[in-house]
Amino acid sequence: MSEGANDEGAMPIDDQDLLRLERALHLAHDAIGRSDPNPRVGCVIADASGRVVGEGSTQQAGQAHAEVMALQMAQRAGAALAGGTAWVNLEPCSHHGRTAPCCDALIAARLHRVVVGTVDPNPLVAGSGLARLRAAGIEVDLAAGDVAQRALELNIGFFSRMRRGRPWVRLKLAASLDGSTALRSGESQWITGEDARIDGHVWRRRAGAVLTGAGTVVGDDPRLDVRHVPSELQPLRVVVDSHLRVSPQARVFESPGSALVYCAQAAPGSMDALCARGVEVVCRPDADGRVDLMGALTDLAARGVNELHVECGRTLAGSLLRHDLLDDLLLYLAPRALGPGRGMFDVPPLTHMTAAWDFRFHSADFVGSDLRIVARRATRGSLLD
């Protein structure tokens, strides 16, 4: 027997359960770049004999969820589902949204048991799905330990939006071994290799929005779309531009996908030109006459953004750091030294070590000839409890 047990006295989940939860997580990964703003969910269904007869993952918002996709596959095969088992990485929904509750579909299939990776943080669900299944006489087992943690990590942005009311913010940086993100002249193409650049698009695909600053748009004219890896959805492109100095013809505003600019001062002529380009402009100033970054994050969460991928210069990166709005650093380190150049963050010098922003290493992997490090803000543990 292995990790995990529910609170109703049922048998703990066993090794086969863990293998099928692993499969559900694998299927859920297929929903990256497709299911937002809904969470990424995978489902495996077996008949009463234990034979897998259905699998599925969540489709685009408004279409079938993972459980329904798996049930439909089983039904097309003519499988008898009464007495069977379902494995799903996230608690089945119990409320009417754009689709009917998945709980009802599992109950109607007359399953005997459902094994769940982690509870849904959505207040509209938050355990009520498990309760509804149990009330219908279905045995429910909840995972624990590593598989539960990985189920949460896959949907960390969804957990963040539901629990904190803002997206999970991940800043992507590419730097030399001596910490330069560009030469003093501003030249930065390319510090890292092609594999790292492609991998950056894999991480962009995870995000509901990609955010940058006006300086990056003016200086580099990036597209910030997902094009090096397949994706059914394009993230919203977001520009922080206090004084509306970006050109409406900037490539970041090109299709496919849509774009949004946060400003701090209304400038009717510039706003009209951007709106004519199809760009939404939101004026959201803070007390200092700059863009209210926390207010922007709250607004993005209200728009359904789970993960926010940031690619920007050191000024905006420094502002996000100083306001403690960064959750993860996605850092690509190239095996080269550039000498004096531009650093990662524009922040005032600290006078005490105790004032440092502490991160903890979350993962480290080679990507081609470069090293990819994910570092998590040390104070973010409560989100994962």
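This is a predicted model: local features need pLDDT of at least 70, side-chain atom pairs count only at pLDDT 80 or more; totals for chains, interfaces and linings use all residues.
The side chains of His309 and Glu311 are joined by a polar contact of 2.8 Å, a polar contact being a pair of N or O atoms within 3.5 Å in which, within protein, one must be able to donate a hydrogen and the other to accept it, and residues adjacent in sequence count only if both atoms are side-chain atoms. Residues are numbered from 1 along each chain as its sequence is written, and side-chain values use heavy atoms, with hydrogens and water left out.

His309 has a relative accessible area of 1% and is therefore buried; buried means under 20%, exposed over 50%, and partly exposed in between, with a 1.4 Å probe and protein chains only. Beyond its neighbours within four places in sequence, His309 is in contact with residues including Arg170, Trp203 and Leu330, where contact means heavy atoms within 4.5 Å.

Let us turn to the core. The largest nonpolar core has 33 residues, and Leu308 and Val310 are among those with the most contacts inside it. Such a core is a set of buried Ala, Val, Leu, Ile, Met, Phe, Trp, Tyr and Cys residues joined through side-chain atoms within 4.5 Å. Another core, of 27 residues, lies apart from it and includes Val41 and Ile156.

Finally, the cysteines. The whole structure contains 0 disulfides, defined as pairs of cysteine sulfur atoms within 2.5 Å.
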